[in-house]
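Please consider the following structure together with its sequence. The explanation below leads through its parts in turn.

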Amino acid sequence: MDLGDLLHSIFNFENYGELLVLVQNSIWAGAVLGLLGGIMGTFVMKRDLAFAVHGISELSFAGAAFALLIGADIILGSLAGSVLAALVLGVMGVRARDKNSIIGVIMPFGLGLGILFLSLYEGRAANKFGLLTGQIVSVGTVQLQVLAVAAVVVMLALAAIWRPLTFASVDPDVATARGVPVRALALGFMVLLGISVALSIQIVGALLVLALLITPAAAAMRVTSSPRLVVTLSIVFAMTATVGGILLALGGRLPISPYVTTLSFLIYVACRMIGSARARRGLNGRVVRSAGAVA
Amino acid sequence: MTPVVSLRGASLAFGQRTLWEGLDLDINPGEFFAVLGPNGSGKTTFLKVLLGLQELSTGTAVLDGHPVERGSRRIGYVPQQKSFDPDTPLRARDLVALGVDGHRWGIRLGSAKVNRKVDELLELVGATDYAKVPVGQLSGGEQQRLRVAQALATDPKVLLCDEPLLSLDLQHQQGVSALINRQCRDADSAVVFVTHEINPIMDYVDRVLYLAGGKFRVGTPAEVMTTEVLSDLYDSRVEVIQANGRLIVVGLPDAATHHHLDAHSVAGEVG
């Protein structure tokens, strides 16, 4: 394959209009997941759960692989796997150090199980690969509806616990003193995270969930500290990555995940550069008064 | 006057080890009450009892007429200074806003009212200039001012302070303790101030609870911070020296010494 062929298989915009109509559902699905991932990601970062997301996604993958093997619903399988993992982490990993070691234990176990189930599976190979790297072309109307409803439910639940969860995430000691149920909120959030991971896996695959649930929020936090702006930017970044990635991937015959993750990565790099340029100039919002006026 | 904090026959023990027992104590509104003692004497645990995070082994604890409960809006809590991650998506004013309505469910609608309250609180503690700076980029002293603002947001009956001056320089120690004292005098909140070092708050303290060696003593600083009382508590000869209105404690047993060495150096700088 020469360079021309390579480029052609990466970027190919022949018959683009017709293709666009065919993958409408996929684009909507990407938009929904971008919205969900962008919002959830801000809490994942605040609660320092990036590594946990990875652990949950491996177990989610194992669940999906098991469902595939026994001919059950794959979405249900990945949901069961990720919510279970999330609950285990929520119950056992109260302290940060515990949490990381538990994730380190769970993650290879989940991945191993998943590979076992996939090896036992004798169906189409594309089904196997899709669980790891994501599949977008085959989003049916029913699947889209299920996805949208689940995402709306998760977002409503998150909205309901938004303020106390923020308090508990960034300032747990004072939140406890105020009577905020820090423990219960942590568990509740883990369940929501488990569901979000399972939903995201449908599109970007188990290996690349981080690109949806972490990178956009991490990028947003490089350029602003305003809580509202962080959420807004994180959503914009995540949706740009998913929808943009799908649109770019459309003509080629490659999975969408490299497109999504590359866009996501580029946004992060840009934000990092903006952030450090600003830090170099010492702009952090402090009102600087003339030397004499400073107390 | 009805006491805000009331302990009766309170004791606390972990297994064989008794931290303190038979403690009867009333703290009144507008009283500045300091809890002193060496590491491991149960100062912080005392605070945890009032926060409802630690159950007494025996006895009762009543706060504002109710048995203590796990967390309460009647309490303002000023924690030890701890550094925030520089990336924490939270500006100074957002931290204070959490104190105003962070315990409520849902998303903050109608933010104008909250913003007004936050502005007021920032003004009160002199933090207006850095209202929009990310908390991770503030100095320890600035953060502790915000902590006070945050704790005052609900106009609490009791202000519980857990070593709020630790790791602050002298100037900020004075600034922050003056703020806490103002709330005590002007708004009639009771202040329970846990510290290993009485000098920065010497001018404000009404009464002291000194915990050491499984024993305790309650009284005014003049009654408690004496050579006789401390020697009795520590079961060894401890000398209390007055110099320039500061107290210097000499001869503490090894286990308790290292913190009080700070006392020497602070006193040294001032005197």
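Predicted model: local features only at pLDDT ≥ 70, side-chain atom pairs only at ≥ 80, totals over all residues.

Residues are numbered from 1 along each chain as its sequence is written, and chains are lettered from A, with ligands numbered from 1, in the order in which they are written.

Chain A has 15 helices and zero strands; helices (H or I, at least four residues) and strands (E, at least two) are DSSP runs, numbered from the N terminus. Along the principal axes, the C-alpha atoms of chain A fill a box of roughly 75 × 45 × 30 Å. Of the 295 residues of chain A, 50% count as buried, a residue being buried if 20 or more other C-beta atoms, placed from the backbone, lie within 10 Å of its own. Among the contacts in chain A with a separation of 6 or more, 76% come from residues 24 or more positions apart; two residues are in contact if their C-beta atoms, placed from the backbone, lie within 7 Å.

In chain B, four strands form an open antiparallel sheet in the order 2-1-4-5, where two strands pair if DSSP finds at least two bridges between them. Strand 2 (17-27) and strand 5 (66-67) of chain B are the edge strands, each pairing on one side only. Strand 5 of chain B is joined to strand 4 (residues 58-63) of chain B by two antiparallel bridges, and B:Val62 has B:Pro67 as its bridge partner.

Elsewhere in chain B, strand 11 (residues 239-243) and strand 12 (residues 246-250) pair in the antiparallel sense over five bridges. B:Glu239 is bridged to B:Val250 in strand 12 of chain B. This hairpin has two residues between the strands, and B:Asn244 takes a positive phi near 55°.

Finally, the two chains meet: 32 residues of chain B are in contact with 31 residues of chain A. On the side of chain B that touches chain A, strand 6 (75-78) and helix 2 (92-101) of chain B are the elements that give two or more residues. Helix 2 of chain B gives the most, with three residues.

Conventions:
Buried ≥ 20, exposed ≤ 12 C-beta atoms within 10 Å, placed from the backbone.
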